[in-house]
Amino acid sequence: MAENKKRKIESEGRVFNLEWTSKYLFAVVKTKMMCLVCRDVISVPKEYNLRRHFEGNHPDLTKLDASEKSLKAESLRFTFYWLAVDESTDCADTAQLLVFIRGIDDNFNISEELAGMHSMKGRTTGKEICNEIVDCITTKLSSDFKNLVGMCTEGAPAMSCDVCCCFHCKLLNYIRTRKLKHRLFKSFLEEAGAEYGDVVYHTDVRWLSRAKVLKRFVGLKEEITSFLKTDPQKRFSELNDSSWNEDLCFLCDITSHLNELNIRLQGKGALIFEFLVAINGFKAKLRLFKSQLLKGILVHFPTCSQHISQERHLATGSKYAQQIELLIKEFNDRLSLSCEEKLQLKIVENLFSIDPEEAPSHLQMEVINLQASSLLKRKHEESNLQDFYKCLHQEKFKNVVTLAKQMFSLFGSTYICEQTFSVLNFNKNKQRSSLADGHLEDILKISSSSLVPDYDALVANKICNISH
Ligand SMILES: [Zn+2]
């Protein structure tokens, strides 16, 4: 029995053990066992050899804990990577900066991980954010900028309806402090609480999550108005202003359209191509909205058509067509790609239908060779993009494959940041606002990571107390 077990361990020692990646930062790259730090190749796959190399050549890295080593191994493996950076203020009024890394390795595996979190004390300047990013890449990931493709920051377009939302927040706070027991208000406030969390008291809300709350607010407006009449001290005169009410309805409808887009832009590991389909579709919708609003057609604005009287449709329609125009401009300014980027994406997506002359010169020969193969053309049609580029000869089509990898590493939106911020607000609430940054970062890493902890190694490090 013991003999069998021993032989089994020995035979396993001849092949690469996946645990060695997080233990000694080694990985199999193109059938060779390679140190991810110095790119040295070791021919005999024995744990002893790897450990000797790791401890001898990279003594400073031996101090890292298991999760730090996993992240480092992951980022060292990336052929190309992309960063997403976002900043948010938590309940203790501290600005938190999150840096996410999304990378692609030689085998076309894409992963997204939290690379670092940093509490910004005092005023946050661009320079401070920049320093934090540099520190994140050089110290925490021990990587360099050579393989960095680009970076994305807060992507949502801003709207000019902030005044309206600010009032809405003020009113919410007012109702909340009255400790209402009314069933409707209670459920409304619960929903508001669920959407806003701590932020009801902070007007700096991620505005896209307001859609649901706004809808409920419009639905309960009559009850709210009659409730407010019971308190002569407090007057929210806006509630009786018809123009303000029209604005509120429009805000409610357009926020829900934007929220729908936002949901489509979510999704871990999704490729940029899917995002572009959603964004281009949304731009087409905006153009339709504008043309219909100018004619007084409110069919895609249900709250408006329900609450605004028929004779006001044309007047309000043309008023909001201007807002839609501003939104179209925001989308074009912020979410537009350069001609070069558009061409790069087109080549990767439609490799077999582009004119080779259109492609940059260093790609032309490879594009022609690829287009000549009907086998590869069929493969391109039948499989998803990632699988297609993975099966291409990596040397023969080196430039095309490199371009594909760069495009695949793109972050579509800062959604992953926003999602993590909601975890952050959940964990760092009023009662626990003194949570140390180190612990908070650990919680966020665990909640956003797709890395699987090496439980065996973690358990092996614990000494078991057996009484004699
Ligand atoms: Zn090494």
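Me: Which residues does L286 touch, not counting residues up to four places away in sequence?
Reply: L286 touches I324, L327 and I328 (C-beta atoms, placed from the backbone, within 7 Å). This is a predicted model, where local features need pLDDT of at least 70, side-chain atom pairs count only at pLDDT 80 or more, and totals for chains, interfaces and linings use all residues. Residues are numbered from 1 along each chain as its sequence is written.

Me: Why is L286 called partly exposed?
Reply: L286 has 18 C-beta neighbours inside 10 Å. A residue is buried at 20 or more such neighbours and exposed at 12 or fewer, with partly exposed in between. The 18 neighbours of L286 fall in between, so L286 is partly exposed.

Me: What makes I297 partly exposed?
Reply: I297 has 16 C-beta neighbours inside 10 Å, so I297 counts as partly exposed too. I297 sits in the loop between α11 (272-294) and α12 (302-307). Its C-alpha atom is 7.6 Å from that of L314, 17 residues away along the chain.

Me: How do you know that L25 is buried?
Reply: L25 has 25 other C-beta atoms within 10 Å, so L25 counts as buried. L25 belongs to the loop between α2 (19-24) and β1 (26-29). L25 is not a glycine, yet its phi is positive, about 60°.

Me: What makes a set of residues the largest nonpolar core here?
Reply: A nonpolar core is a set of buried Ala, Val, Leu, Ile, Met, Phe, Trp, Tyr and Cys residues joined through C-beta atoms within 7 Å. The largest such set holds 37 residues, and L83, V99, F100, V400, L403 and A404 touch the most other members. Strand β4 gives the most, seven residues. Another core, of 17 residues, lies apart, with L214, I254, Y320 and L327 among its members.

Me: Why is α14 called roughly perpendicular to α18?
Reply: Their axes (lines fitted to C-alpha atoms over the stretch in contact, with angles from 0 to 180 degrees between N-to-C directions) lie 10 Å apart, at an angle of about 110°. Angles under 35 degrees are roughly parallel, over 145 roughly antiparallel, 65 to 115 roughly perpendicular, and the rest oblique. The angle falls in the 65 to 115 range, so α14 is roughly perpendicular to α18.

Me: Which residues make the contact of α14 with α18?
Reply: Q344, L345, I347 and V348 of α14 make the contact with L403, A404 and M407 of α18.

Me: How do you know that α15 is roughly perpendicular to α18?
Reply: The two axes cross at roughly 100° and come within 8 Å. That angle makes α15 roughly perpendicular to α18. On the α15 side, the contact uses H362, L363, E366, V367 and L370, and on the α18 side N399, V400 and L403.

Methods:
Helices (H or I, at least four residues) and strands (E, at least two) are DSSP runs, numbered from the N terminus. Two residues are in contact if their C-beta atoms, placed from the backbone, lie within 7 Å.
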